[in-house]
Amino acid sequence: MRTRLFPFALSLSKGKAALPLQSVKPRSALRIGIPKVLNLWSTHQFWIGFLVALGVAPHNIIFSSDTSEEQYREFGKGRGTVDCCYPVKCASGHYGELIFGQKKKIDILLSPMIYSLPSFLRGHVVDTLSCPRVMAAPENIKAGFVKERDVFAEHGINYVSPFISLGDSDAVARQLHESLAARLGLSRDETEMAVKAGYSALKSFNAEMRSRSRGILSQCAKAKRPCVFVLGRPYHMDSGIGHEIEAALQSRGYAILWAQYFPLDADLMEWLFGAEIRAGEIRSAFDIADVWPSSYSGNTNEILW
């Protein structure tokens, strides 16, 4: 059975005056929509943990559905913006679905501009930055909904797209407090607490996924059966972006391992890289300088690793 790896949702932006949401609704009643696009596929659990810690009810965190032609035709057509990146182009359908496609409207559309990413390679590479187009996508896509008239304002939706360095945990509380304090009535201490909860949720989720991957790898090794290692960006898990190629292989009996959740246990790292480390070819199991010295891009680093 195919496992979906994506639970919750949210979206932010600096710009026009924000609605005083805290004075209108308690946080537990706020409905927060998050476009399920781009690097949300690898950071979603942070946003869930962060919002729930602030008192937002889990059932009020609404993610858009997977990318599809129907989604774009119904909700995003005519609001596209120029971009050569197909996954970025598709985001307008996700925005439209959250604005126009909900039986009960959302109060906030949270679409963070993620500058850098958490990564198991951090500290072993130059940096773990997002692609500039992907990072700036929230402001790009927003333009399609305000160029003729402000659709967010017409629907009473507060649009927020905070600039956030998730790869630098020391900066995140300050960045999110600056973006959300007025909208949610947050103190700095409260924001720091929620950020810690977000990172904890993300860490726990990733550990669980890596543990499950270890189990799959072990089963295949014992049964002497092959498994398919899917090498791609996190958002290729979106059926409308990755075209469910891995699901087609899985339906033919192949086990699937996603690169983002490959097990990192010490015995596996020794099996894979031990000889190269002892020969002095690499410094550690997470060193990619021998093939990619300009290792600043988070997702590209992990693919090359």
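Is S165 buried or exposed in this structure? With a relative accessibility of 8%, S165 counts as buried, where buried means under 20% relative accessible area, exposed means over 50%, and partly exposed lies in between, for a 1.4 Å probe and protein chains only. The model is a predicted one, in which local features need pLDDT of at least 70 and side-chain atom pairs count only at pLDDT 80 or more, while totals for chains, interfaces and linings use all residues. Residues are numbered from 1 along each chain as its sequence is written, and side-chain values use heavy atoms, with hydrogens and water left out.

**Overall form**

The protein contains 13 helices and 9 strands, these being DSSP runs numbered from the N terminus, with helices (H or I) of at least four residues and strands (E) of at least two. Its radius of gyration is 20 Å, close to the 19 Å that the globule rule gives for 305 residues, so the protein is as compact as a globular protein of that length; the radius is taken over C-alpha atoms, and the rule is 2.2 Å times the number of residues to the power 0.38. The C-alpha trace spans about 60 × 45 × 35 Å along the principal axes of the protein. Buried residues account for 52% of the 305 residues. The accessible surface comes to about 14,500 Å², and 56% of this belongs to carbon and sulfur atoms, as given by the Shrake-Rupley method with a 1.4 Å probe, where for residues only the protein chains shown count as cover. Among contacts (heavy atoms within 4.5 Å) between residues at least 6 apart in sequence, 77% join residues at least 24 apart.

**Cavities**

A search of the whole structure finds 2 cavities of 30 Å³ or more. On a 1 Å grid over the protein atoms alone, a cavity is a set of points where a 1.4 Å probe fits but cannot get out, and lining residues have an atom within 4 Å of a point; points are joined across faces, edges and corners, and a volume is the space filled by probe spheres set on the points. In the table the residue classes take Ala, Val, Leu, Ile, Met, Phe, Trp, Tyr, Cys and Pro as nonpolar, Asp, Glu, Lys and Arg as charged, and the others, Gly among them, as polar.

| Cavity | Volume | Lining by class |
|---|---|---|
| Largest cavity | about 120 Å³ | 14 nonpolar, 2 polar and no charged residues |
| Second largest cavity | about 50 Å³ | 8 nonpolar, 2 polar and 2 charged residues |

Of the 16 residues that line the largest cavity, V37, L38, S111, P112 and P138 are the closest to its centre. At least two lining residues of the largest cavity come from each of α5 (91-100), β5 (113-116) and α6 (132-143), and α6 gives the most, with 5 residues. The lining of the second largest cavity includes K36, V37, L38, W41, A91, H94 and D238.

**Helix α5 and residue Y72**

Because 9 of its 10 residues are buried, helix α5 is largely enclosed by the rest of the structure; the buried residues are A91, S92, G93, H94, Y95, G96, E97, L98 and I99. Y72, placed in helix α3 (residues 69-76), is partly exposed, with a relative accessible area of 31%. When neighbours within four places in sequence are left aside, Y72 is in contact with K77, G78, G80, K89, S92 and G93. The C-alpha atoms of Y72 and H94 are separated by 7.6 Å, although these residues stand 22 residues apart along the chain.

**Other sites**

S165 belongs to strand β7 (residues 163-165), and, apart from neighbours within four places in sequence, S165 is in contact with Y115, S116, V172, Q175 and Y199.

F262 lies in the loop between β9 (255-258) and α12 (266-278) and, at 11% relative accessibility, counts as buried. Not counting residues up to four places away in sequence, F262 touches R210, L217, F229, L257, M269, L272 and W305.

In the loop between α10 (239-242) and α11 (245-250) is H243, which has a positive phi of about 60 degrees although it is not a glycine; H243 is exposed, with a relative accessible area of 56%. E244 is found in the loop between α10 and α11 and has a positive phi of about 55 degrees, although it is not a glycine; E244 is partly exposed, with a relative accessible area of 34%.

Terms used:
On a 1 Å grid over the protein atoms alone, a cavity is a set of points where a 1.4 Å probe fits but cannot get out, and a pocket is an open set with protein on both sides within 12 Å along at least five of seven lines; lining residues have an atom within 4 Å of a point.
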